[in-house]
Amino acid sequence: MCMYKKICITNRHLVTGDFLENIEKIARSDVDMIILREKDMPENEYEALASNVIKICADHDKLCVLHSFCETAIRLNHPYIHLPLESFKNLDGKTRAFFKNIGVSIHSVDEAIAAENLGASYITASHIFPTDCKAGLAPRGLEFLKETCGTVNIPVYALGGVKPSNAEQCIECGAAGVCMMSYYACL
């Protein structure tokens, strides 16, 4: 079995029970990074949640990456953010300069190239396999992942329908790691 990064992307709507208890379990697992993706929350609620999740991650020596809310990240002095490509394109220079690490979501090889050219630290390529989160939308598949990994020179993480049973297929395509949502929501 090869070594690769495991990333949890959160979705509190999938968690039964206490969300922060779930984050604690995830942080104690073999995960390398937690992306707090609760982008449907009002920003003030997200900021309160992010403060707690950042602390839990720090307690377990895991990287926490905030999602979408740049101003929250700046207020919390947390220089790790993940953004949709359009949001990344629209970042002003001062905001961009604050972040040490900016991940970007992409859905095509052209978007991957654009994200890299704009200075993304890494990308998440999705969706690779069928997933309930994208019900009715055909996955882009392993060939898309392989082409993306072969085109850019920044880490590519596979997202969408990824689980432990198919993660190795993503790594064989050149991915630096995998992102899982449902798997970690059920820990």
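## Before you start

Residues are numbered from 1 along each chain as its sequence is written, and side-chain values use heavy atoms, with hydrogens and water left out. Because the model is predicted, local features need pLDDT of at least 70 and side-chain atom pairs count only at pLDDT 80 or more, while totals for chains, interfaces and linings use all residues.

Helices (H or I, at least four residues) and strands (E, at least two) are DSSP runs, numbered from the N terminus.

## A buried threonine

Let's begin with Thr124, which sits in strand β6 (residues 122-126). Thr124 counts as buried because its relative accessibility is 1%; buried means under 20% relative accessible area, exposed over 50%, and partly exposed in between (1.4 Å probe, protein chains only).

Which residues is Thr124 in contact with, leaving aside its neighbours within four places in sequence? They are His82, Val104, Ser105, Ile106, Tyr157, Leu159 and Cys179, where contact means heavy atoms within 4.5 Å.

Helix α7 covers residues 141-151, and Gly141, Phe144, Leu145, Thr148 and Cys149 are buried in it. Seen down the axis of α7, these buried residues fall within an arc of 130°, so they line one face of the helix. The arc is that of the directions from the helix axis to the C-beta atoms.

On the other side of α7, you will find Glu143 and Gly150 exposed. The cover over the buried residues of α7 includes strand β6, along with β5 (101-106), α6 (109-117), β7 (156-159) and α8 (167-172).

## The cavity

On a 1 Å grid over the protein atoms alone, a cavity is a set of points where a 1.4 Å probe fits but cannot get out, and a pocket is an open set with protein on both sides within 12 Å along at least five of seven lines; lining residues have an atom within 4 Å of a point. Grid points are joined across faces, edges and corners, and a volume is the space filled by probe spheres set on the points.

The structure holds 1 cavity of 30 Å³ or more, and the largest cavity has about 40 Å³ of space. Among the residues that line the largest cavity are Cys8, Phe19, Met181 and Tyr184. Helix α1 gives the most to this lining, with 3 residues.

## The largest pocket

About 590 Å³ of space lies in the largest pocket. Its lining has 27 residues, and Cys133, Lys134, Leu159, Gly160 and Met181 lie nearest its centre. β4 (80-84), β6, β8 (177-180) and α9 each supply at least two of the lining residues.
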